[in-house]
Amino acid sequence: MRKILWIGLFPLLLLSCVGKKKHLAALATADAVADSLTYRLDSTTNLVYQLRLDTAERRGENTALLASQRNLQDRIIALDDEIERLQRERSNEVQDLDDRLQERDALIAERDAKIAAFQALLEARNAELDTLGAQLLDTLQKRDSAAFTLELEPGGYLSLSVLADYLFYPGSTTRLEPAADSTLLIISRYLADYPTLQLTVIGHNNNEPLRRNSINSKWEFSAMRAATLVNELTRKYELSTSRVTVAGKGDFAPRASNSTEEGRLLNERMEFRIELGQRRLLRDLKRALD
């Protein structure tokens, strides 16, 4: 048995002795390859580790990006909500402004309508006074054109001035000239055709001394003359007392300069001021404005 084993191992021993150098060379080569593989394995391991770190870092960045994206998305949604709210508010404000503008336009239209009605009322009143003035002046100037002056004053009344000497005896407050009757008759008749008009009779003086020793005040003198004319109009010509007023202004409302004879003649006058009655005017204005 031992012989058989030696016989079998002997060739192997021979072979091993013969290829020892080759074997050592092969081992050295294998060690070199193993070292190279180890180095490559270590490098690969380090690379994998670095890749894992990079991947983890990238994952962290992605996570941060995703969080930032979610925050931005939430912000966008919040901004959209804010925009919708502002749009609703703007829409409401625009609607409110439109309503206020329509209300303002309605008020302006109402005001304009009232102003137009008021202007129409004033124009109608002025037209009435113009018509009466033209009729009065045409009739009276046929009698004596120098004694009468008629003007439509800016205050909206008709002013008929008659020279005092045409109506009164010089220096008298009660004695009337013959021409006074016809003058008062004409005035009363025309006023009868315009029952809504009021009459104020005003006495005026120039700056010359009074011819009456019993009267020192020109206020009193002028008012007494006006009262005489009103008394004639209401008693003799049946003009309603509710339509007539008396006033005296003495020499405080001259029409011309008292430095000339012509001016003093114009200032010594009786004024018949004709205007729409205050009650009637207020009533018509109220109707126009309501």
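1. Which strands does α5 lie across, and at about what angle does α5 run to β4? Helix α5 lies across β3, β4 and β5 and runs at about 160 degrees to β4. Axes are lines fitted to C-alpha atoms, for helices over the stretch in contact (heavy atoms within 4.5 Å). Angles run from 0 to 180 degrees between N-to-C directions. Helices (H or I, at least four residues) and strands (E, at least two) are DSSP runs, numbered from the N terminus.

2. This is a predicted model: local features need pLDDT of at least 70, side-chain atom pairs 80 or more, while totals for chains, interfaces and linings use all residues. Residues count from 1 along each chain as its sequence is written, and side-chain values use heavy atoms, without hydrogens or water.

3. The open sheet has five strands in the order β1-β2-β5-β3-β4, with mixed pairing (at least two DSSP bridges between two strands). Its edge strands are β1 and β4. Strand-to-strand twist averages 20 degrees.

4. Strands β2 (residues 157–163) and β5 (residues 269–276) run antiparallel, joined by six bridges. Here L163 stands opposite R269.

5. There are two aromatic pairs (Phe, Tyr or six-membered Trp ring centres within 6.5 Å; planes under 30 degrees apart stacked, over 60 edge-to-face, the rest tilted). F148 and Y166 are edge-to-face, at 5.2 Å and 75 degrees. F148 is in β1 and Y166 in α3, 18 residues apart.

6. W219 and F252 are stacked, because their centres are 5.0 Å apart and their planes at 25 degrees. W219 is partly exposed at 44%; F252 is exposed at 57%.

Note on methods. Buried < 20%, exposed > 50% of the residue type's maximum accessible area, 1.4 Å probe, protein only.
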